[in-house]
Amino acid sequence: MGAIRLPSITSMFAASSAARSTFLIRRNHPLRFPLRRLSAANIYAAEKDISRETDKAKVQDRSITPRSQDFNAWYLDVIANAELSDYGPVRGTMVIRPYGYAIWEAIQDYLNIKFKETGHSNMYFPQFIPYSFIEKEASHVEGFSPELALVTIGGGKELEEKLVVRPTSETIVNHMFTQWIHSYRDLPLMINQWANVTRWEMRTKPFVRTLEFLWQEGHTAHATPEEAEKEARQMIDVYTKFAYEEAAMPVIAGRKSRVETFAGASMTYTIEAMMGDCKALQAGTSHNLGQNFSRAFGTQFTNETGERQHVWQTSWAISTRFIGGIIMTHGDDIGLMLPPRLAPIQVVIVPIWKKPDEKMGVLNATLSVKDILQSAGFKVKIDDSDQRTPGWKFNFWEMKGVPLRIEIGPRDVSSGSVVISRRDIPGKQGKVFGISMEPLILVACVKDKLDEIQSCFLARATSFRDSNIVDVSSYDELKEAVSQGKWARGPWSASDEDELKVKQETSATIRCFPFEQPQGTKKCLMTGNPAEEIHIKYY
């Protein structure tokens, strides 16, 4: 498909234990109209299509590189064209523009409800953390040291102790938990914060990997290890449900390998998503921290028998990386394709008129339709600007990923109906003519169409993922799958050293040991020893 060109921002961001289970592995034309007799409805539709074809080359002089030609360039072009973000003055930072931030707000709206339903309260911790806090947990400082941003001067003077700009908050949270937790009556303590995080990444990519990003991070303290484990699993389930039901993203939920476990955690759970280029995206994580941080900070409580014990903890997070995941999972050569439940605009209405005396009637009908749909809870926008033609508007809002478009012209006003077009089905196949403006009929139709689009997004992404996962039973088969750009799924009970060897030789890493495991014992693809679990790898 031809390219639809803004200045590309490609140049601004660098390109970007015991028996174990099966794992997943993966390496990180113009329209022609034949001469024929047309009905009035077909003449009207043809007029619109011809107008649109004329405007195709005019959409803001922007172009989108085809996905099959250069996936990374396509991704950056979509972000620029759809006005999701722009680059900041510091290399590797980004400015999230209103349309991109609105997607983040939709994510926040859903998760905030789920967090509160599961007993968590929102609060906020300082962005600056004493460096001594980071040093208290040995594996934590080792894991994060290369990514830390440090402040050494404040108020024009050298600081007595350097400060870390928040890379994550386990340390400062524990410092405060130690002051708030004294007795078993203070537990469980379950909080969440929405904040920004700084990690000094060398290779950056908008939304996926930037020096600063937005996220939520939950932190909990419990009286028993069982409660902490239940919490960690509960929150990865919340993320999984969100991914499937809201983002239409078919993630694989599972446990990270010991090598890939979060620095300072006893166990890390993850949701892994396959992008349109078959690369994997770690879309959310939940960590069982055990007593690692509570021992380092002395976070203790007095239990019911009067004994002093260290608390058991969890932390869990999802970030603006998820927006990148939505783009790369659903987008096409035209641009964004947004799942209706997260789309900032679910329905765009384009009024169409040619003569001045048609304008008022069309606009009045358009406002009436907008009021009907907004009253029903849909997110609706009217594009009634005079500066652009209807065809230009059709292309623009398709590039922005709006799930549904409603067209209203003079004939529609006369018949009391509208034309509805789906973003995910191009051309006339995605159009429905003659939908009544009567509120009950119109609302039901729009709801059904949005639900269909949401379901189709998930079905299409699931089919793509499943067709690119290969079951393997030997190291040679794994290497072959990886060389073809596939994810590999196979039995694993090998050592951490073997895992690192595979990574060195193939660039493949263990993404997770999925929660859903096949029955029976198999042989490890690396060693031939019994393996109770399969794993998934990617490069």
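Glutamate 358 is found in helix 10 (residues 356–375); helices here are DSSP runs of H or I with at least four residues, strands are runs of E with at least two, and both are numbered from the N terminus. This is a predicted model, where local features need pLDDT of at least 70, side-chain atom pairs count only at pLDDT 80 or more, and totals for chains, interfaces and linings use all residues. Residues are numbered from 1 along each chain as its sequence is written, and side-chain values use heavy atoms, with hydrogens and water left out.

Leaving aside residues up to four places away in sequence, glutamate 358 touches Trp353 and Pro410, contact being heavy atoms within 4.5 Å. Arginine 411 is 53 residues from glutamate 358 in sequence, yet their C-alpha atoms are 9.9 Å apart.

Three strands make an open sheet in the order 5-7-6, with antiparallel pairing; two strands pair if DSSP finds at least two bridges between them. Strand 5 (128–130) and strand 6 (150–154) are the edge strands, each pairing on one side only. Strand 5 and strand 7 (residues 157–165) are joined over three bridges. Isoleucine 129 stands opposite valine 164 in strand 7.

Last, methionine 202. Methionine 202 sits in the loop between strand 8 (189–198) and strand 9 (212–222). Methionine 202 is exposed, with a relative accessible area of 58%.

Terms used:
Buried means under 20% relative accessible area, exposed over 50%, partly exposed in between (1.4 Å probe, protein chains only).
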